[in-house]
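Trainee: Could you take one part of this model and go through it closely? Please set it against the rest of the assembly, and tell me where to be careful.

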Amino acid sequence: MAAGVGDAALRMRVLELLTSVAPDIDTQALRPELEFREQFDFDSMDVFNFAAALHAEFGVDIPERDYRQLLGLDKCLDYLRRRLPAASGP
Amino acid sequence: MPSLGSEMESGTLVEWKIKPGDVVRRGDIVAAVETEKGIIDIESFEAGTIERLAVEPGMRVAVDTPLAWFVGAVAEAATAAVATAPVAAPAAPAPAPAVPRAAAGGGAPRRRISPAARAHAAQLGVDLDAVQGSGPAGTVTLQDVEAHARAGARVAAPAAPAPAAPSAAGRSAAMRQVIAAAMSRSKREIPHYYLQAALDFTPARDWLEAYNAARPVPERLLPAVLLIKAVARAAAEQPGFNGYYAEGRFQPSTAVHAGVAIAVRGGGLVAPAITEADRLTLAALMQALTGLVGRVRTGRMRSSEFGSATITVNSLGEEGIDLLYPIIQPPQVAIVGFGSVLERAWVVDGRVVPRAVLNVTLAADHRVTDGRDGARFLARVLRHLAAPAEL
Amino acid sequence: MSAAPAAPTTREHALELLGAMLRIRAFEDRCAQLYTEQKIRGFLHLYNGEEAIAVGVLGALGPADAIVATYREHGHALARGVPMGPLMAEMYGKRTGCSGGRGGSMHVFDVGRRLYGGNAIVGGGLPIAVGLALAEQYAARPGLAACFFGEGAVAEGEFHESLNLAALWKLPVLFVCENNRYAMGTALERSEAVTDIHAKAAAYGIRAAAVDGMDVLAVEAAARAEVAAIRDGAGPGFLECRTYRLRAHSMFDAQLYRDKAEVEAWRQRGPLIRFTTSCKATGLISEEDFQRLERAASEEVEAAVRFAEASEWEPVADLARHVYAERAP
Amino acid sequence: MSAAAAGAARLSYREALREGIRAALQADPRVFLMGEDIGRYGGCYAVTKGLLAEFGEQRIRDTPLSESAFVGAGIGAALGGLRPVVEIMTVNFSLLALDQIVNNAATLCHMSGGQCPVPLVIRMATGAGRQVAAQHSHSLEGWYAHIPGLRIVAPATIDDARWMLGAALACPDPVLIFEHVGLLNTEGEMRADGADLDHAAIRRPGRDLSLITYGGSLPKCLEAATRLAGEGVEPEVIDLRTLRPLDDALIFESVRRTHRALIVDEGWRSGGISAEIGLRIAEQAFYELDAPIARVCTAEVPIPYPKHLEDAALPGVEGIVEAARGLVARGG
């Protein structure tokens, strides 16, 4: 997905990456405001892989200290919106 | 050449009883032919004058081959030959397979699951309801059960409405059996002794942060890598903690294959080995670890990875546990457990300062080593962790 | 057939006997040719040389009498009146055959004419004939059962069991042994301690006679006498008809067991030559009569071949039909 | 069974057979009996005792020791419009009449294009258990059940012993009735007023396994079922009644409910009827099976004379119970 991604497309893409790392999660039942770890197994290796997937997908560098901001869906989307060029619309 | 039996395909002319110009009546014997059953006289079913003989004595010819021609019969014979060409034998009546149509069983049709699949599912604790059948008419086959089991916690399909909890329990039931068997054998057979030491992990953590900050996401390291490498180096250096206890005696292993306890998603634990962990660079060790966890998660474990660990490392770092008393994986003779890295009061130069404190526990087999050996081994681990750069 | 006395016959009767034998001869020779052209398959046992027996004995039977024969039964079928078309179609295995194409040359059935088959197991038909005779006696019907078999059958247990049972229960059975001197490849003297076949019937107290199987009038006379006795309730009768088969046992037979001179000698004493010569000598019939009957027989055979060629095969879908009866007998 | 039937007649299997024969003789003048010592001697197993005096020599015909001849004569008489009931003293002597049974009785109708149905009934004693050694103790029903054109039935109860003959005589095809020697003296009440030749019967409904048997083995299976019930295992006992045609529908329906099949057959296992039934279950109810199809058959030996050996060779209650336990056992 090129930069300048619409908001809905970003959300769908992030969820796909999340599922590739943790395939057993139920994306319909996922509560965006909560941390992943409270809803399913999500250990440091999963965070590492999730960060690597986001890096590869969006070409954005994520320092280790920012990993905490990837641990919930809303937090992660906000973080990405700040780091990606302004989207051209939904 | 007449056909004298269904199994007769050809015959050899032995002798002619007639010559061109002879007048032949119906029923006259005109030749003798050699068959498997012996020499048989050939009668003429036609009357007429012989024009020429087409086959010489001693020649073997197929059934239906013209042997001689009547005067004036050439053209007609040609067509006659065609006419008498053997009619293609009717296709042997293929008996219609009378597959008895059994009455359909009453009630909701029972899912079609092969006995082998049932047996395997029971063995692996796989919940058959969650297994998608790939066989004919949705039949669940052995392969389906195996694929499902390998996929570990993977629910058949994200869209599947099945509630996560019960299938999780189903999935790990068999694994629970395997773990239960190993742990109870360990407790029964191995006289464990335990040693614990606390470590100021701050220098290692700082080193790691600097290392990762200088590298893109995929090349960064997890703390577990340092722990594994430290234990592997110690195991290589001090005998008595790396190898197997079998047939009543300790069998040391020169190579160090570090078993890494990996939680299976949805319950269960496996401890596949990273071979020659003491010799790998940290980056290589990280790659090995990532591959191992990935394979455990997708159920594509290599059998070699399972049985070969010579010592095991178990880190509960993320679970907020201070320290743990791990159980040795038989037939190994030692296991090292790491608790979480927690902010604790730590005395430095007589002053209490906050430090990232890590608790390390060793469980070892008293048939092989004693507390003193254990203490020295543990000290090596701590020394390695205090100098991450040399790991 | 009226039970005319065996005195020299009338012209009309002579023509009838000759015509019947010529029909059989023509049919058998055409079968031999069709076999070499692979139109007829399996086993084919031809009746050349024995025609006088079928014509003579069948002539003495009534429509209500039952007949059980062997795998060499084309002559009996024709003499009994089975039409040549369905008989030839049965040789081909077509569905229009007299057995529906199911039996072939060895299993000719026509229950309408009470012909209960050719039976391919040597001696296998004798007990069945005894049973058919039992039914006649049990139901107090005037019919009898005629049972044809070769001299080879006397070596089978069923021959002795059947004769004993028939004699024991005084059943209306006419046992007709077509003694052609060879059981396939085994000459009689090489298989039986006592080669006088009709003498064996005496062991069971059954009236028996030996008759020249090449003389159609002699066979007819003997058969009429036995049939009359049986109808009178005198119990089973036994006719040994001494004959000779002019062709091989079956098509694929090198006849290593007999020499050609013997065959030729018997050919000159065959039933057709024998009867034609004597009838011409007495002026009963003319050469022209002979030619006419022979032509008629040949035309009838060709028509039968055309009928068989044009007939269809039984559809495979009917394979399982009649394994179990579709109607109550 | 309802109380009303309580007063039903109580008789032995042998008496039930005789009643069946007497009723057949009375009902149809075309019916007559043929067999060795069935008349003056009263039948080797006394089944036909008294019938000669009642029906006369014409209809109760003692025969010479010529199995092939009198079975063939039976076929001929059937073709001739009669309804003979041929008794071959035991299945062991039927080997002498195999050619007539297989090449004529079973074959004539098909081979004649339907012209010659053979409405013949042949009755034979069968089975072992009376120490009469190998040549007199065969159970060859499975052989005959191999032959298309024949119908093979095995009456195991008083009702079937009484009514199966009538049904067989009404059938246009040759019917072979096998009467197990071990059943002759069993007694019971007659409840039915007829019998068909096409269906098996559930003699004891159950749920944990389908115990499939016929003829002389039925009592053993019922006893085994009672013992198993004591251990909480509820077998469903199926009496096949007909071995050709087999009542596939009932067998598969039962196995679909119980998911386990145990076949008890006094024949030998190799190429026996148990092998045929087992394979049909594998073909048709494969996905219903929770355990391998099991069999209890006679040991593959000629039946020995001494009792302890004969009992060891034959299927026994203990062996049936053991096999059933094996089928329903958990784990291990």
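## From chain A to a sheet in chain D

Mentor: Start with chain A. Of its contacts with a separation of 6 or more, 57% join residues 24 or more positions apart. A contact here is two residues whose C-beta atoms, placed from the backbone, lie within 7 Å. The model is predicted: local features need pLDDT of at least 70 and side-chain atom pairs count only at pLDDT 80 or more, while totals for chains, interfaces and linings use all residues. Residues are numbered from 1 along each chain as its sequence is written, and chains are lettered from A and ligands numbered from 1 in the order in which they are written. The score pLDDT is the predictor's confidence in each residue, from 0 to 100.

Chain A has three helices and zero strands. Its elements run α-α-α from the N terminus. Helices (H or I, at least four residues) and strands (E, at least two) are DSSP runs, numbered from the N terminus. Chain A has 90 residues, and 24% of them count as buried. Buried takes 20 or more other C-beta atoms within 10 Å of the residue's own; exposed takes 12 or fewer; partly exposed lies in between; C-beta atoms are placed from the backbone.

Now chain C. It has eleven helices and seven strands. Of its 329 residues, 56% count as buried. Residues 24 or more positions apart make 75% of the chain C contacts with a separation of 6 or more. Look at helix 11 of chain C, residues 287–310. Its 24 residues should span 34 Å at 1.5 Å a residue, and the end C-alpha atoms are 35 Å apart, which agrees. The expected span is 1.5 Å times one less than the number of residues. Leu293(C), Ala297(C), Val301(C), Ala304(C), Val305(C) and Ala308(C) are buried in this helix. Helix 1 (11–36) and helix 4 (84–92) of chain C are among what covers them.

Chain C also meets chain D. Here 37 residues of chain D are in contact with 38 residues of chain C. On the chain D side, helix 3 (67–79), helix 4 (98–105) and helix 5 (108–111) each give two or more residues. Helix 3 of chain D brings the largest share, ten residues. By type, this side has 17 nonpolar, 18 polar and two charged residues. Nonpolar covers Ala, Val, Leu, Ile, Met, Phe, Trp, Tyr, Cys and Pro; charged covers Asp, Glu, Lys and Arg; the others, Gly among them, are polar.

Five strands form it, open, in the order 9-11-10-13-14, with mixed pairing. Strands pair if DSSP finds at least two bridges between them. Strand 9 (201–204) and strand 14 (294–298) of chain D are the edges, each pairing on one side only. Neighbouring strands are turned by 25° against each other on average, direction ignored. Axes are lines fitted to C-alpha atoms, for helices over the stretch in contact, and angles run from 0 to 180 degrees between N-to-C directions.

Strand 9 of chain D pairs antiparallel with strand 11 (235–239) of chain D over three bridges. There, Ala201(D) has Asp239(D) of strand 11 as its bridge partner. Helix 8 (218–230) of chain D packs on the sheet, touching strand 9, strand 10 (209–213), strand 11 and strand 13 (261–268), and its direction makes about 170° with that of strand 11 of chain D. Helix 12 (317–328) of chain D packs on the sheet too; it touches strand 10, strand 11, strand 13 and strand 14, at about 165° to the direction of strand 14 of chain D.

Last, chain B, where care is needed. Its mean pLDDT is 79, and 82% of its residues score at least 70. Where pLDDT is low, the predicted coordinates should not be read in detail.
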